[in-house]
Amino acid sequence: MSNRMKQLIGVALVMAGALFLIIAYLVGWTSSNLVLLSGLLIIIIGVILHVKLTKSSDKY
């Protein structure tokens, strides 16, 4: 897998988490904390993964 594809995994997870939260809002699943926290967890994992992969690929 190329370095560019590895970096985009984190961004894709952030976008997937945001999309999940938007769909949950439109469908009306906002009364369940589990649904909202799972979307938030996907976003947080995506941000952490993106930062780690970006830092490891940069040359200092």
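1. Nonpolar surface patch. Leu19, Ile22, Ile23, Tyr25, Leu26, Val27 and Trp29 form a nonpolar patch on the surface, and together they have about 770 Å² of accessible area. Patches are made of residues with over 30% relative accessible area and no salt bridge, with nonpolar side chains (Val, Leu, Ile, Met, Phe, Trp, Tyr) joined within 5 Å and like charges within 9 Å. A salt bridge here is a side-chain nitrogen of Lys or Arg within 4 Å of a carboxyl oxygen of Asp or Glu. Accessible areas come from the Shrake-Rupley method with a 1.4 Å probe, and for residues only the protein chains shown count as cover.

2. Basis of the values. This is a predicted model, in which local features need pLDDT of at least 70 and side-chain atom pairs count only at pLDDT 80 or more, while totals for chains, interfaces and linings use all residues. Residues are numbered from 1 along each chain as its sequence is written, and side-chain values use heavy atoms, with hydrogens and water left out.

3. Ile23. This member of the patch lies in helix H1, residues 3-27. Ile23 counts as partly exposed because its relative accessibility is 40%; the classes are buried under 20% relative accessible area, exposed over 50%, and partly exposed in between (1.4 Å probe, protein chains only).

4. Overall form. The chain has two helices and zero strands; these are DSSP runs, numbered from the N terminus, with helices (H or I) of at least four residues and strands (E) of at least two. The C-alpha atoms fill a box of roughly 45 × 15 × 15 Å along the principal axes. The radius of gyration is 14 Å, whereas a compact globule of 60 residues would have one near 10 Å. That radius is taken over C-alpha atoms, and the globule rule is 2.2 Å times the number of residues to the power 0.38.

5. Buried residues make up 13% of the 60 residues. The chain exposes about 4,700 Å², of which carbon and sulfur atoms supply 73%. Of the contacts (heavy atoms within 4.5 Å) with a separation of 6 or more, 62% are between residues 24 or more positions apart.

6. Helix H2. Its 25 residues should span 36 Å at 1.5 Å a residue, and the end C-alpha atoms are 36 Å apart, so the two values agree. The expected span is 1.5 Å times one less than the number of residues. The buried residues of H2 are Val35, Gly39, Ile43 and Gly46. An α-helix has 3.6 residues a turn, so residues three or four places apart point the same way.

7. Gly39. This H2 residue counts as buried because its relative accessibility is 0%. Leaving aside neighbours within four places in sequence, Gly39 is in contact with Gly17, Phe20 and Leu21. Its C-alpha atom is 18 Å from that of Leu8, 31 residues away along the chain.

8. His50. Also placed in H2, His50 is partly exposed, with a relative accessible area of 29%. Not counting residues up to four places away in sequence, His50 touches Gln7, Gly10 and Val11. His50 and Ala12 are 38 residues apart in sequence and 9.3 Å apart C-alpha to C-alpha.

9. Ile48 lies in H2 and is partly exposed at 47% relative accessible area; its C-alpha atom is separated by 10.0 Å from that of Val11, 37 residues away along the chain. Lys52 lies in H2, residues 33-57, and is exposed, with a relative accessible area of 57%. Lys52 and Gln7 are 45 residues apart in sequence and 9.0 Å apart in space, C-alpha to C-alpha.
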